[in-house]
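Hello,

Here is the structure I promised to pass on. Please have a look at it first, and then read my notes below.

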Protein chains: 2
Amino acid sequence: MTDQDNQIGRYSYVAEPFHVDFEGKLTLGILGNHLLNCAGFHSSDRGFGIAKLNEDNYTWVLSRLAIELEDLPNQYEEFTIETWVENVYRLFTDRNYAILDKDNRPIGYARSVWAMINLSTRKPANLIELHGGDISEYIVEKDCPIEKPSRIKVTSQEPVAKMLAKYTDIDINGHVNSIRYIEHILDLFPLEKYKKGIRRFEMAYVAESYYNDELSFYVDELTPSEYAIEIKRNGDQIVCRSKMVFNS
Amino acid sequence: MTDQDNQIGRYSYVAEPFHVDFEGKLTLGILGNHLLNCAGFHSSDRGFGIAKLNEDNYTWVLSRLAIELEDLPNQYEEFTIETWVENVYRLFTDRNYAILDKDNRPIGYARSVWAMINLSTRKPANLIELHGGDISEYIVEKDCPIEKPSRIKVTSQEPVAKMLAKYTDIDINGHVNSIRYIEHILDLFPLEKYKKGIRRFEMAYVAESYYNDELSFYVDELTPSEYAIEIKRNGDQIVCRSKMVFNS
């Protein structure tokens, strides 16, 4: 094993019964949950995890996520998520993923962009200087053959759905959790759309929302298989933007 | 290790970040998910799992669940679920659980009641005769110091919430999944209730609901910390009943 191999985190899962949809495929919310957990394991194992950072009064914040899929694991199938750091900039780091099926064949890739913020000031940390530049040692050159997260623009002024943020939406920081936004967005689309499968999904996290906030969902249909989505809180503040591309 | 010990399934978990609530405690929906998965692992390992049963055209159906808690695991803490078969009757089997914290101290128990049905006829199987009575060999005498699931009665005629069953609600069988009902019930209560913690929670699964069904939620406040809940589909058909007891 080379040094580079060692820097790629590998985590194996099984697609549990309550984690698959009506087609028996792992849902994207659960996949997102696993991707974010893998980021946590991978950075913790290398001294950059939330627990260590919290001691130093810092935390990771997910800014963008793009997932592109050929397929998703079926119920009871094993699958593996690989994750590695592609780039470290002053204020952001790019973390990539490969999703491997039970035969270790890649069935999807993901790209994510993270910032680190100071918990007291909420200001971003300088990643290059942090820990004397240690984080840059974890950069791996490995192919991630999908496009970077795009700029998402939504023009619709009429929400297609509204809801109040409830108990199961809220995480330990008092925010609606990153995965719940994904699940609420999935629920905007009818079952038929999922029969063809999801080809690409993007999230851009813009601002936090809180318990009892009214979340409004705005959708632009770009093509019959491609949608841009925006979630606002309490009428006007943009919380996140998303793009959903189904197989056509 | 005695034979009896060997018949108790033990499964260890970590309370993941997106699986804990605003207090940093594992949510009850996730605990329910783990309990049901453990039933699956335990029965599969002993030749009574869904995969084996489906071959023979049978499946397990959860009828009742009661969970009683002193505490719940905190974020990033390890915990263990033990499960065993308490009784096998002609049409039902009682499966119990203990929830152990990171120090292997019991912090909760659960009781569940399952039936097995024929997938073609939807009629219940005779569990005592099945596989020549093999299942009875797995009965374990182990203490489960909580009351059995109770009879739940709801009188309210005015729903407190209504929703349509959506994509993320639906499982591989086309039904709203057992865990989503729990999550929707949790979301009926304000955040403040959860600060004191949940003492006991019960579910009685009565009938299936389906994609796009309108689910209505009826709640009787029995005391300021005790509630009986009923979910109906499309106005009149009872889907499940639940009881929620918060610490007072």
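A word on terms before the details: helices (H or I, at least four residues) and strands (E, at least two) are DSSP runs, numbered from the N terminus, and two strands pair if DSSP finds at least two bridges between them. With that in place, a hairpin joins β3(A) to β4(A) through four residues.

Please keep in mind that this is a predicted model, in which local features need pLDDT of at least 70 and side-chain atom pairs count only at pLDDT 80 or more, while totals for chains, interfaces and linings use all residues. Residues are numbered from 1 along each chain as its sequence is written, and chains are lettered from A and ligands numbered from 1 in the order in which they are written.

Some of the pairings in chain A can be followed residue by residue. β1(A) and β3(A) run antiparallel and are joined by six bridges; here A:Tyr11 has A:Ile81 as its bridge partner in β3(A). A:Ile81 in turn has the bridge partner A:Ile99 in β4(A). Strands β3 (residues 78-88) and β4 (residues 93-100) of chain A pair in the antiparallel sense over eight bridges, and A:Asn96 in β4(A) is the bridge partner of A:Trp84.

Chain B also has an open sheet formed by 10 strands, in the order β1-β3-β4-β5-β2-β7-β10-β9-β8-β6 and with antiparallel pairing. At the edges stand β1 (9-14) and β6 (161-164) of chain B, each with a single partner strand, so one side of each is left without a neighbour in the sheet. In chain B, strand β4 (residues 93-100) and strand β5 (residues 106-118) pair in the antiparallel sense over eight bridges, and B:Tyr109 in β5(B) is the bridge partner of B:Ala98.

**How the chains are related**

Which elements of chain A give two or more residues to the side that touches chain B? The contact takes 30 residues from chain A and 30 residues from chain B (two residues are in contact if their C-beta atoms, placed from the backbone, lie within 7 Å). The elements in question are α2 (28-45), α4 (178-186) and α5 (191-196) of chain A, with the largest share, five residues, coming from α2(A). Of the interface residues of chain A, 100% are also interface residues in chain B, so the copies meet through the same surface.

**Cores and a few single residues**

For burial, a residue is buried if 20 or more other C-beta atoms lie within 10 Å of its own, exposed if 12 or fewer, and partly exposed in between, with C-beta atoms placed from the backbone. A nonpolar core is a set of buried Ala, Val, Leu, Ile, Met, Phe, Trp, Tyr and Cys residues joined through C-beta atoms within 7 Å.

The largest nonpolar core has 100 residues, of which A:Leu35, A:Ile229, B:Leu35 and B:Ile229 touch the most other members. Leaving aside neighbours within four places in sequence, A:Leu35 is in contact with A:Ile81, A:Tyr97 and A:Ala110. A second, separate core of 10 residues includes B:Trp84, B:Met116, B:Leu127 and B:Tyr138.

B:Tyr11 sits in strand β1 of chain B and counts as partly exposed, with 15 C-beta neighbours inside 10 Å. Not counting residues up to four places away in sequence, B:Tyr11 touches B:Cys38, B:Phe41, B:Thr80 and B:Ile81.

Lastly, A:Arg122, in the loop between β5 (106-118) and β6 of chain A, has a phi near 60°, a positive value in a residue other than glycine. A:Arg122 is exposed, with 8 other C-beta atoms within 10 Å.

Best wishes
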